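Biologist: Please show me the model, and let us go through the words used for it one by one.
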Amino acid sequence: MPMIEVADLRKDYGSFRALDGVSFTLDRGEILGFLGPNGAGKTTTMKILTGFLYPTSGRATVAGHDVMENSVEVRRRIGYLPEHTPLYDDMTVSEYLHTCGRLRGMAGSRLAERKQAVIGLTALGAKARAPIHTLSKGYRQRVGLAQALLHEPEIIILDEPTVGLDPNQVVDVRAIMREVGRDRTVILCSHILSEVEAVCARVIIINDGRIVADGATADLARQHAGAPLYRVQVEGSLAALTAALQQLPGASQPVLAQAGGSNYCIEVSIAGAPVDAAAAIMAAVNSVGLRLVALEPRHATLEDVFRKLTRPTEHAA
Ligand SMILES: Nc1ncnc2c1ncn2[C@@H]1O[C@H](COP(=O)(O)OP(=O)(O)O)[C@@H](O)[C@H]1O
Ligand SMILES: [Mg+2]
């Protein structure tokens, strides 16, 4: 039985359809990156999974329990770090975690042990007696993580956990996420590609309320790459180079990758990936009298895939 099963979820906010047929399954122990631009529907999906929001239609189960019919069982199994963590500013870290534990029905030595454990895991020991309002954003996020882990949930859902953190804090929080993911099922929602690539073995890309890609992080770039991209570097006029490349049959819109002095590097692909693509590009450059400095195929990255699948202009047509 999959740990999480989501089938044809739809969510309408009034007349606006935020989710439009979202389906996926997640097995125990998987670390999933739920990736999409702002407004794609990530938070909405997570709120449905955690029982905070009802879908308009469709079904979601967690460990076999329906999120609407059996939300108590579902919440017992999920630790949730929401996008905006509501923390009680006047409490100390220790008091806050105690309160969270009590709300989860924990008490006595079990609560004390679990508090100790999550404070250790999130390296909050030095701040345990500090009032929450005195903490930096990085420490507040750790408190949110500690809260999510308190009841030893099998599944952890983290919604944009590093937004607003400085680079050092990001590294710290990612290290905690990796540690947490060693023996749990994790969903990490993010619009930050490098974060998903660094932490997740599998990625789902969501855009406009629909899943547009789902697969192993390492395979996705290859699967969706399409024709290879060529980096063409020349010395001379950018306008001449752009015009020359646009003459090529099947050429994509050339994209400027780098510029320095009269040296320009452009990326272009040729539809259908003809075997003579490189020769055709070379000939086009020569035909306008530019000096070719370098020409090399560039392997597609997850960023290329993300941009290709989620760029608003691509959907306008
Ligand atoms: N309570 C709400 N009422 C109306 N529209 C909403 C509400 N919550 C979210 N939306 C809209 O639904 C879409 C998806 O939002 P959300 O799930 O928060 O996306 P993400 O987390 O991927 O940024 C967005 O267009 C957002 O503006
Ligand atoms: Mg969100």
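Biologist: Where does Ala271 lie?

Modeller: Ala271 lies in the loop between strand E13 (263-269) and helix H10 (277-287). Helices (H or I, at least four residues) and strands (E, at least two) are DSSP runs, numbered from the N terminus. This is a predicted model, in which local features need pLDDT of at least 70 and side-chain atom pairs count only at pLDDT 80 or more, while totals for chains, interfaces and linings use all residues. Residues are numbered from 1 along each chain as its sequence is written, chains are lettered from A and ligands numbered from 1 in the order in which they are written, and side-chain values use heavy atoms, with hydrogens and water left out.

Biologist: Why does Ala271 count as exposed?

Modeller: Exposed means over 50% relative accessible area, buried under 20%, and partly exposed in between (1.4 Å probe, protein chains only). Ala271 has 54% relative accessibility, so Ala271 counts as exposed. The C-alpha atoms of Ala271 and Ala251 are separated by 6.3 Å, although these residues are 20 apart along the chain.

Biologist: What makes Glu83 partly exposed?

Modeller: The relative accessibility of Glu83 is 31%, therefore Glu83 counts as partly exposed.

Biologist: Which residues coordinate the magnesium ion (ligand 2)?

Modeller: Thr43 (OG1) and Glu83 (OE) do, at 2.0 to 2.8 Å. Donors are N, O and S atoms within 2.8 Å of the metal (3.2 Å for Na, K and Ca); water is not among the atoms, so sites may look incomplete. Thr43 belongs to helix H1 (residues 42-49) and Glu83 to the loop between strand E6 (78-81) and helix H3 (93-103), so the pair ties together parts that are 40 residues apart in sequence.

Biologist: Why are H5 and H6 called roughly parallel?

Modeller: The axes of helix H5 (residues 137-149) and helix H6 (residues 167-180) come within 10 Å and cross at roughly 10°. Axes are lines fitted to C-alpha atoms, for helices over the stretch in contact, and angles run from 0 to 180 degrees between N-to-C directions. Angles under 35 degrees count as roughly parallel, over 145 as roughly antiparallel, 65 to 115 as roughly perpendicular and the rest as oblique. H5 and H6 are therefore roughly parallel to each other.

Biologist: What makes H3 roughly parallel to H5?

Modeller: The axes of H3 and H5 come within 10 Å and cross at roughly 30°. That value makes H3 roughly parallel to H5. In H3, Val93, Tyr96, Leu97 and Cys100 meet Val143, Ala146 and Gln147 of H5, where contact means heavy atoms within 4.5 Å.

Biologist: How do you know that E7 is mostly covered?

Modeller: In strand E7 (residues 155-159), five of five residues are buried. Ile155, Ile157 and Asp159 point one way, Ile156 and Leu158 the other way, and all are buried.

Biologist: What makes E7 and E8 a pair?

Modeller: Two strands pair if DSSP finds at least two bridges between them. Five bridges join E7 to strand E8 (residues 185-190), and the two run parallel. Ile157 stands opposite Ile187 in E8. E6 and E7 also pair in the parallel sense, over four bridges.
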